[in-house]
Amino acid sequence: MMFDYSGLYQFLYSVSSWLLWEVGRILGFIGIDSGNILYPIRQFLVDPQFVYFVALLLTALIYLVAALLFGIQFIWMERKFLGRFMDRRGTSVGFLGFFQNFADAFKVLLKAVITPKDADKRVYQFAIFAILAVSFMLLGLVPWDINWYAVNVPLALLLGLAVFSLAPFALILAGWSSNNKYTLIGGIRGAAQLIAYEVPLLLVVVSVIVMTGTLNFNEMVAWQQGNIILFIPLFIGALTFFIAGVAESERVPFDLPEAEAELVEGWQTEYGSLGWGLVMCADYLRAFIICALFSILFLGGWTGPTFLPGSVWMLAKAALVFFFMIWVRAAMVRIRTDQLLKFCWNRLLPLAVINLAVAVLIKIYAVGGW
Amino acid sequence: MTENTRMNEEQMAEKINAAFPEGITSIAISPRRIFMTINKDILLKLCNALKDEFGFEHVSCVCGVDMKTHFQTVYHISSYSNKVVAEIVVDNIPRDKPEVDSIAPLWGGANWHERETYDMYGIIFKGHPKMERILLQDDFGFFPLRKDYDVGRRVA
Amino acid sequence: MAEDAKNKSTYQSRSELKPRAWIADGLRVTFKTLVRTTVHRPNTIQYPFEKLVKPDCYRGRPGIVLEKCIACSKCVRICPNRCIEMVPIESATLGKVKRPQVNVARCMMCGYCAEVCPTNAMIVTPEFELAAYSRSELMFDPFKLQFESKPGYEVCSPMILPSEIKAGKTEMHNKGDMAIKDTVALDAKKCISCSRCEKTCPVGAVKMTETGEINPKTNKPIKKPAFDNEKCVSCEQCVDVCPKSCLSMKEAM
Amino acid sequence: MTEMWVNMGPQHPFNHGLWNLRVKLDGEKVIDAEPVVGYLHRGWEKMVESRDYQQIIPMSDRLCYCSALTWSHVYVGAVEKLMEVEVPERAQWIRVITIEIQRLASHLMWLAAVGTDLGSYTIFLYAMRERELFLDLLTNLTGARMTYNYMRIGGVRNDFPENFERDTLRACDLLEKRIKGEYYQLMDMNSAFRLRTENNGYLSKEDAMNLGVTGPNMRGSNVDFDLRRDDPYEKYDEVDFEVCVEEAGDSFARYRVRMREMLVSIDIIRQGFQKIRAGPVRVKAPRTAPVGTAFYHVEDPRGESLMYVIGDGTNQPYRLKVRSPIFVTVSAAPKMCIGYKMADIPAIMGTVDMCVGETDR
């Protein structure tokens with residue numbers, strides 16, 4: 001039985017079918033053959049529908065592990081670079097400080113889970129899962145290489161951004177259920193900011209769709225490979241996407257929801273051990289997704305000289321964009337909520353519209369219409 | 001306080017002496033300083049005069065002193081335009097009913113100093129907007145900086 | 001006002017500034033630091049493994065050189081937080097003597113004990129890592145307080161007399177110098193020559209000497225204390241112990 | 001939205017030290033503010049009455065822990081005036097130079113605090129790195145990092161260690177280059193920083209004078225008064241320096257005043273090293289003070305600090321009153337905070353350079 005490596009999903013489907021076929025053979029070996037009462041279970045195990053289900057389960061498991069690893073790797077990158085920007089040494093445990101985050105992760109696991117008094121228990125827990133689900137789901141859609149993806153849906157971008165914009169509800173839920181004045185203010189501010197910055201983000205994505213003509217990531221990258229990476233023609237759009245992305249992942253110039261100065265930690269204040277660990281990891285994951293989207297939409301995803309495999313190129317570009325995010329964090333000061341929203345509506349939105357106009361003009365004259 | 005009415009301390013001392021012949025018990029001057037000892041009933045009038053005619057814009061400090069037999073409050077009021085600091089000592093405030101006029105309405109700077117003096121000595125400033133303790137908790141009971149409040153020193 | 005408010009603001013407010021890529025400045029500054037700290041080492045040190053280099057005169061906890069100490073308890077008197085006490089100790093070389101014991105938990109490391117000690121027995125050590133599991137561990141008895149002395153640890157604050165300044169001299173006197181020492185003055189009438197001051201003086205600077213008169217009742221010669229200012233370290237123990245308080249310190253002005 | 005009293009304190013990341021600003025909010029806007037102090041009250045003035053004059057010097061260092069030298073200098077100045085002790089020339093010059101070094105360290109500590117309040121840790125770490133330079137200088141000179149116990153009644157404890165002058169001038173050059181280069185680009189030219197600090201926390205000139213706000217906070221509101229020039233003490237009359245005054249009266253003006261004041265301090269240090277001559281550094285002071293009173297006020301990095309001492313013939317002061325500049329500036333905090341957003345309060349209170357140690361004594 002040869003496993004075909006065409007795609008992650010196909011690979012996992014063949015693995016799970018081989019696995020279940022082996023289980024069926026062992027059951028047969030120990031005597032559960034056609035006459036036995038347990039025979040229907042063996043048939044059920046080898047049934048293609050069940051194999052399909054197990055393959056999906058395996059994919060989800062791999063993506064969960066990959067997501068957490070990316071999150072931790074980006075936390076390490078931020079702490080290390082931020083340290084060097086600020087003339088101090090970043091993390092210091094293990095090789096280049098890489099294992100500091102695993103140490104922190106285990107420490108976070110060991111902490112006691114404390115739910116605040118008369119907080120809304122169920123909503124308090126659900127808010128964490130809401131934020132995590134929203135962030136992890138997108139990772140499933142984003143492909144790493146030409147065939148290295150979990151699901152290749154024609155409208156992948158639309159589904160991704162729809163899921164991505166569910167986050168504000170999770171923030172409000174978290175802020176409200178922690179029964180604390182500060183988290184309530186933080187939650188509402190966070191939601192306002194995320195919703196505000198969705199609009200320019202989507203407008204820029206529309207301009208990319210106008211240029212490439214598709215909503216599927218693979219075709220987008222193929223188009224960019226054929227013509228030109230979209231960073232050069234749609235430079236304004238790339239800039240707007242970057243700024244809106246920084247605001248989406250609540251990083252320093254726009255990180256008022258969890259501004260240490262006034263609101264202590266904003267809507268994350270009341271979360272204890274694992275809850276806070278996952279929420280912080282989800283924050284960095286959202287930053288990673290923005291960088292991944294940026295590298296696919298504007299930097300031509302996994303295309304690059306062939307001495308490196310495609311997915312390494314993809315990760316390198318995402319890391320480069322994240323380096324810029326860290327760099328901005330080192331040089332900038334936090335701005336106030338109303339200034340932040342005013343900046344979004346007065347500055348970012350016009351830029352996004354101009355970019356859309358540029359995309360349409362280029363499409364008509366340079367690329368020759370639809 | 002326009003430019004031409006700058007005065008140095010001698011002219012001020014004479015004017016003040018002339019304006020308040022009876023209330024001032026002693027007055028002395030030294031470079032950029034005026035030292036006065038007055039009794040408490042002319043305090044408010046003197047401060048009004050200082051503020052308006054002599055251009056004293058800033059109250060540096062109001063402090064209480066427990067002289068065992070009576071209280072004293074000492075005011076340091078400085079004038080930016082004339083670059084002079086006046087030290088006014090309001091003497092023999094009776095120990096049983098320590099009350100002085102408050103100068104907080106004239107200069108906001110004295111507001112918290114007077115509350116602290118009340119907090120430490122129990123001297124009540126009449127006319128103060130919010131006569132309460134400021135550093136100690138409200139139910140502290142007695143006034144710590146008084147000489148009869150013995151801390152129980154640990155002698156070496 | 002002294003000068004009326006002429007326009008003193010030395011910067012243009014944000015609205016007057018012409019629009020420019022201001023973010024580039026911040027980014028350039030931080031990037032330069034990034035490059036500098038990766039090429040050379042960053043400014044911070046890894047504390048438990050690398051230690052900061054401290055000057056010799058660094059004031060950590062007080063220390064003592066037991067051989068030099070004469071138990072004059074001047075440090076006990078000067079300590080603002082009253083952390084020092086004289087404690088009887090038993091040591092082979094010195095026998096049963098009293099030496100200072102410092103409660104380092106209360107000590108605020110002001111360095112006065114070292115500054116005042118006439119024989120530089122009390123010194124200032126660079127040791128500042130004083131974590132302990134219990135407060136009694138921080139009660140340093142004279143043996144634990146010991147620390148081998150280096151020239152920088154002895155604190156000496158040289159002084160000059162006001163009269164000398166008026167006379168135009170400029171050269172200062174060190175700690176034990178005769179010129180700036182406060183000497184003990186005796187009020188002979190009150191003295192009942194009980195010779196307690198002679199017994200308490202740690203340096204033996206007090207001698208009971210005959211003064212020629214004869215005590216009419218017991219017709220023995222009357223003895224009054226005489227102070228040898230060379231040896232005296234002006235520790236004021238005699239002034240405190242005198243029952244009739246007829247001794248007082250005369251300051252050298 | 002209903003009004004809501006929010007306690008920004010006493011343990012709150014934005015305020016440096018233990019004080020509580022109770023703020024009444026209508027939505028985001030601050031309608032009313034009420035500072036509550038006293039959490040760090042140690043009874044300093046009562047403690048002082050049971051110690052003799054020399055023992056109070058290390059205690060006066062601990063009034064405001066980030067500018068210890070200026071506070072011990074005020075105390076020592078007041079006692080010298082009481083005892084009529086005449087301080088030698090070189091000691092006065094040493095005092096001028098060390099106070100200016102302390103002012104630089106205190107302003108850099110303030111700059112670090114402004115950085116964290118506005119969310120940029122880079123500024124915090126850069127300012128702390130610069131401050132370390134000056135703390136090392138003072139450690140070589142006095143032996144301690146922050147609480148120096150260096151001033152004595154009648155002079156200073158010891159003279160400069162060797163090549164102290166070279167190190168100080170080198171540190172000053174580096175700081176000047178950094179202020180004109182790095183901080184100027186990182187903060188002054190940073191439009192987001194200006195967005196957060198400009199035209200908020202406005203304090204008019206009359207309010208500043210009337211409410212007793214002094215020092216850089218007052219000079220930020222266009223009051224041209226500096227104790228070092230208008231009521232010179234020590235050797236400040238022989239040093240010519242420019243008093244930095246800003247007209248706008250908002251947080252950014254206070255920030256600009258302090259940054260320019262750092263450059264002025266560097267200039268004073270350079271002039272000090274040129275004018276200092278060899279000579280004695282300490283005069284022997286009498287043990288007991290005569291019966292009488294004396295007061296001494298000085299330009300502290302935070303404002304006008306004043307000490308009023310009453311001597312009663314013994315070696316312990318009868319009464320020692322401390323006027324702390326921040327105690328009065330905090331009483332003017334509501335005037336600065338009302339009308340602005342809650343997110344502005346860290347920016348406003350950050351540029352006021354709070355130090356709670358001296359507020360509560």
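Trainee: Which residues is Ser295(A) in contact with, leaving aside its neighbours within four places in sequence?
Mentor: In this predicted model, Ser295(A) is in contact with Gly301(A), Met314(A), Lys317(A), Ala318(A) and Val321(A), once neighbours within four places in sequence are left aside. Ser295(A) itself is found in helix 12 of chain A.

Trainee: What makes these pairs contacts?
Mentor: Two residues are in contact if their C-beta atoms, placed from the backbone, lie within 7 Å.

Trainee: Does Ser295(A) count as buried or exposed, and why?
Mentor: Ser295(A) has 26 C-beta neighbours inside 10 Å. A residue is buried if that count is 20 or more, so Ser295(A) counts as buried.

Trainee: How far from Ser295(A) is Asp338(A)?
Mentor: Their C-alpha atoms are separated by 30 Å, and the two residues are 43 apart along the chain.

Trainee: How do you know that the length of helix 13 of chain A agrees with what it should span?
Mentor: Helix 13 covers residues 310–331 of chain A, which is 22 residues. The expected span is 1.5 Å times one less than the number of residues. That gives 32 Å, and the end C-alpha atoms are 32 Å apart, so the two agree.

Trainee: Which residues of helix 13 of chain A are buried?
Mentor: Trp313(A), Met314(A), Lys317(A), Ala318(A), Val321(A), Phe322(A), Met325(A), Ile326(A), Arg329(A), Ala330(A) and Ala331(A) are buried.

Trainee: What do the buried residues of helix 13 of chain A pack against?
Mentor: Within chain A they pack against helix 3 (48–85), helix 10 (235–248) and helix 12 (273–297). From other chains, helix 1 (22–39) of chain C and helix 5 (121–142) of chain D also pack against these buried residues.

Trainee: Why is Lys224(C) called partly exposed?
Mentor: Lys224(C) has 17 C-beta neighbours inside 10 Å. A residue is buried at 20 or more and exposed at 12 or fewer, so with 17 Lys224(C) counts as partly exposed. Its place is in strand 8 (residues 221–227) of chain C.

Trainee: What does Lys224(C) touch, not counting residues up to four places away in sequence?
Mentor: Lys224(C) touches Leu186(C), Ala188(C), Cys191(C), Ser193(C), Thr209(C) and Thr211(C). Of these, Cys191(C) is 33 residues away in sequence and 7.3 Å away in space, C-alpha to C-alpha.

Trainee: Which domains does the domain assignment give for chain C?
Mentor: Domain 1 is 62–145 and domain 2 is 178–250. The contact between them takes six residues from domain 1 of chain C and five residues from domain 2 of chain C. The side of domain 1 that touches domain 2 has four nonpolar, one polar and one charged residues. Taken over C-alpha atoms, the centres of the two domains are 29 Å apart.

Trainee: What makes strand 1 and strand 3 of chain B stand at the edges?
Mentor: Their sheet is open, with five strands in the order 1-2-5-4-3 and mixed pairing. Strand 1 (24–30) and strand 3 (58–66) of chain B each have a single partner strand, so one side of each is left without a neighbour in the sheet. The twist averages 15° from one strand to the next.

Trainee: In what sense do strand 1 and strand 2 of chain B pair, and over how many bridges?
Mentor: They pair in the antiparallel sense over six bridges. The bridge partner of Ile24(B) is Ile38(B) in strand 2 of chain B. Helix 1 (residues 9–19) of chain B packs on the sheet, touching strand 1, strand 2 and strand 5 (84–93) of chain B. The direction of helix 1 of chain B makes about 170° with that of strand 1 of chain B.

Trainee: Which are the edge strands in the sheet of chain D?
Mentor: That open sheet has three strands in the order 1-2-3, with antiparallel pairing. Strand 1 (3–8) and strand 3 (29–36) of chain D are the edge strands, since each pairs on one side only. Six bridges join strand 1 of chain D to strand 2 (residues 20–26) of chain D. Asn7(D) stands opposite Arg22(D) in strand 2 of chain D.

Trainee: Which chains have the most contacts among the five pairs that touch?
Mentor: Chains C and D do. Their contact takes 40 residues from chain D and 40 residues from chain C. Helix 5 of chain D gives the most to the chain D side, with four residues. By class, that side has 13 nonpolar, 12 polar and 15 charged residues. Chain A and chain B, on the other hand, do not touch, and their nearest C-alpha atoms are 25 Å apart.

Definitions and conventions: Residues numbered from 1 in each chain as written. Chains lettered and ligands numbered in written order. Predicted model: local features only at pLDDT ≥ 70, side-chain atom pairs only at ≥ 80, totals over all residues. Domains from an automatic or database assignment. Nonpolar A, V, L, I, M, F, W, Y, C, P; charged D, E, K, R; others polar. Helix = DSSP H or I, 4+ residues; strand = E, 2+ residues; numbered from the N terminus. Pairing = 2+ DSSP bridges. Axes fitted to C-alpha atoms, helices over the stretch in contact; angles between N-to-C directions.
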